[in-house]
Amino acid sequence: MLAVDYPHDRDLRLDGRGLVLIPCYFALHHPVALADPRLRPVLAFPIRTESRLLSGGRAGGDHVTALLGATRASILRSVVGGSTTTRLAKQVGVAPATVSHHTGVLRDAGLIATEREENFARHLITPLGLRVLAADR
């Protein structure tokens, strides 16, 4: 049995198909399981933080943080792989209500999109949001 920190409780049955492990640039804080019953299951996991081009600790400054503020910039970077409000609150270290406020501003700016899944709001980065992050390299 392999247990991983994942936004939703779920079981992924391998049924003898094996598991493909893929280091992923866009899986920022947690692994992402891709399950198609016709294919081998895949688990994409985050690469090391120091290997990221989007990290804010590099020389030359962090223009996204300067533009959006530290909390909003952190939330924008955290939704690259998709995340719920609760998970973002834990990752960024702020209250869920604060995350909701910031995701509303980011959504209104077209940098993220939000989907409802039962009682959860799942936030995803938009192509514009990715371009904003990429321009900060």
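Biologist: At what angle do helix α2 and helix α3 pack, and how far apart are their axes?

Modeller: This is a predicted model, and the values come from its atoms. In it, helix α2, residues 70–78, packs against helix α3, residues 85–92, at an angle of about 125 degrees. Their axes lie 10 Å apart.

Biologist: Which word describes that angle, oblique or roughly perpendicular?

Modeller: Angles of 65 to 115 degrees count as roughly perpendicular, and those over 145 as roughly antiparallel. The angle here is about 125 degrees, and therefore α2 is oblique to α3. The crossing of α2 past α3 is right-handed.

Biologist: Which residues meet where α2 and α3 pack?

Modeller: A contact needs heavy atoms within 4.5 Å. From α2 come Thr-71, Ser-74, Ile-75 and Ser-78, and from α3 come Leu-88, Gln-91 and Val-92. Of the residues in this contact, three are nonpolar, four are polar and none is charged.

Biologist: What share of the contacts joins residues 24 or more positions apart?

Modeller: Among contacts in the protein chain with a separation of 6 or more, the share is 46%.

Biologist: How much of the protein chain is buried, and what makes up its accessible surface?

Modeller: Buried means under 20% relative accessible area. Of the 137 residues in the protein chain, 34% are buried. The accessible surface is about 8300 Å², with 57% of it belonging to carbon and sulfur atoms.

Note on methods: Residues numbered from 1 in each chain as written. Predicted model: local features only at pLDDT ≥ 70, side-chain atom pairs only at ≥ 80, totals over all residues. Heavy atoms only, no water. Buried < 20%, exposed > 50% of the residue type's maximum accessible area, 1.4 Å probe, protein only. Areas by Shrake-Rupley, 256 points an atom, 1.4 Å probe, with all protein chains shown as cover. Axes fitted to C-alpha atoms, helices over the stretch in contact; angles between N-to-C directions. Helix = DSSP H or I, 4+ residues; strand = E, 2+ residues; numbered from the N terminus. Parallel < 35°, antiparallel > 145°, perpendicular 65-115°, else oblique. Left-handed = near helix turned anticlockwise from the far one by under 90°. Nonpolar A, V, L, I, M, F, W, Y, C, P; charged D, E, K, R; others polar.
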